[in-house]
Amino acid sequence: MVNPALVEISDLIKHFPASGRQMVRAVDGVSFTINRGETLGLVGESGCGKTTIGRTILRLIEPTGGRIRFDGRNLLELNRTEMRELRRRMQIIFQDPYSSLNPRMKVGDIIGEPLAVHKTGDRRERRDRVAELLTVVGLDPDYAGRYPHEFSGGQRQRIGIARALALNPDFIVADEPVSALDVSVQAQVVNLLQDLQEKLGLTYLFISHGLAVVKHISSRVGVMYLGKLVELAPAENIYAKPVHPYTQALLAAIPVPDPLAKKNDFQRLSGDVPTPINPPSGCRFHPRCPHAMERCRFEEPEFTEKSPGHFTACHL
C-alpha cells in the first residue's frame, strides 16, 4: 500500500540566534503531514513561522531539530549530492515576483536555469521546454526574449511559477504567492495553481496570512501562532466550525464586502503578538485570548484530535 503522505514533518524546530545568548524561536515543535495531490494551507500573522517551515522543509535553511521525510526519505540524512538530486521534485514559488527574478536575465534564461543546473536536455530542448512552460502558465512563448521589468506583477508571478515547474516537481512550496498582487490578479494566479495541480498532480504547501485566499485552494488548513501549530483541519471545518480562539479571531478579521451581510460572532484580538525570543509560558496565546483560564498560563495544551481529522491545541 502506497503511503498517502508525501511530506511528513515531526517535531520540527528552528531557532535563530539573536543578541547575546538569546534565540528566536521561529518554529518550536511542529508536526503535520501533506498527502499526495492535496493542498495544505498554512496561515497566521506575520512572524508566526510559516515561511520558516516552508524553507526548512526544502532545506533552504537547516532545522535546529525534528525530522523531515519526503516520499519516505529522511531529508536530514541526505548528503549534498543526494539532496541536489531530490530537489528536482521539490520547488518553491517566492512571495515577491519583483525581487525573485533576476532583472539582468531574460525570461527564457530564468525559466531555463533549473534545466541548465541539472543538465537536463541540450540547448534546443531547453528552449522548447521554456516555450512549453510559458504556454502552460498562460504567457506567449515569444516573451522568452524579454526582461522581467517589461511585465506586470501577475505576469512576473506566472514566470516564477513556470520556473518552479521546469523540472516536473511533485511538491511545491507556494510562499505567499499572491500577497504582492492586486485582488483581481490574485484570483487569476490561484486559479492557475489549481488548474496546474489538476493537470500535473502537484502537491502544495500554500503559505498565506489571509484565510480568505486559502479558502479557495486548500484541502486542509493549518493555523500557526508564535511558532506553534494551534489548529489543523479540513478547510470546510476551519471555516464552518473553528475550535481555537485564535482561528476564530482570524475569521472575524476577514473583511465582508456586503455591509448588510451578517458577520460572525467571534471576538477580535487585542494587543500585540509576544516576542518569539521570550514566548509566554503555558499556552502562547493566553495573553490575548478572551477565554484564557488559570491553567492556560502555566500548562501548555497538547495538540490533539478533537474530532475526526480536526486537531487543535486548546484547553477549552
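**Ground rules.** This is a predicted model, so I note that local features need pLDDT of at least 70 and side-chain atom pairs count only at pLDDT 80 or more, while totals for chains, interfaces and linings use all residues. Residues are numbered from 1 along each chain as its sequence is written, and side-chain values use heavy atoms, with hydrogens and water left out.

**Aromatic rings.** I took rings of Phe, Tyr and Trp (its six-membered ring) as paired if their centres lie within 6.5 Å; planes under 30 degrees apart are stacked, over 60 edge-to-face, and the rest tilted. My search of the whole structure found 6 aromatic pairs. Tyr143 and Phe151 have ring centres 5.4 Å apart and planes at 65°, so I logged the pair as edge-to-face. Both Tyr143 and Phe151 are buried. Phe303 and Phe311 are stacked, at 5.9 Å centre to centre with 15° between the planes. I also marked one aromatic cluster formed by Tyr225, Tyr246 and Phe285.

**Charges over rings.** Here I asked for NZ of Lys or CZ of Arg within 6 Å of the ring centre and within 35 degrees of the ring normal. Lys14 lies over the face of Phe16, 5.0 Å from the ring centre. The charged end of Lys215 sits over the ring of Tyr239, 5.4 Å from its centre.

**Cores.** I used nonpolar core for a set of buried Ala, Val, Leu, Ile, Met, Phe, Trp, Tyr and Cys residues joined through side-chain atoms within 4.5 Å. The largest has 54 residues, and those touching the most other members are Ile111, Ile161, Leu165, Leu193, Val221, Val223 and Tyr239. Helix H6 (residues 183–200) supplies the largest share of this core, 6 residues. A second, separate core of 29 residues includes Ile57, Leu78, Leu229 and Leu232. Next I looked up Val223, taking contact as heavy atoms within 4.5 Å. Beyond four places in sequence, its contacts include Val43, Leu229, Tyr246 and Leu250.

**The sheet of 8 strands.** Helices (H or I, at least four residues) and strands (E, at least two) are DSSP runs, numbered from the N terminus; two strands pair if DSSP finds at least two bridges between them. This open sheet runs E6-E7-E8-E3-E9-E10-E12-E11, with mixed pairing. Strands E6 (90–93) and E11 (304–307) stand at the edges with a single partner strand each, so one side of each is left without a neighbour in the sheet. The twist averages 20° from one strand to the next. E6 and E7 (residues 171–175) are parallel over 4 bridges, and Gln91 has Ile172 in E7 as its bridge partner. For angles, axes are lines fitted to C-alpha atoms, for helices over the stretch in contact, and run from 0 to 180 degrees between N-to-C directions. Helix H9 (residues 245–252) packs on this sheet, touching E3, E9 and E10, at about 105° to the direction of E9.

**The sheet of 4 strands.** What order do the strands of this open sheet have? I read E2-E1-E4-E5, with antiparallel pairing. E2 (23–35) and E5 (73–74) are the edge strands, each pairing on one side only. E4 (residues 65–70) joins E5 through 2 bridges, and Phe70 has Arg73 in E5 as its bridge partner. Helix H1 packs on this sheet, touching E1, E2 and E4, at about 115° to the direction of E1.

Methods: Buried < 20%, exposed > 50% of the residue type's maximum accessible area, 1.4 Å probe, protein only.
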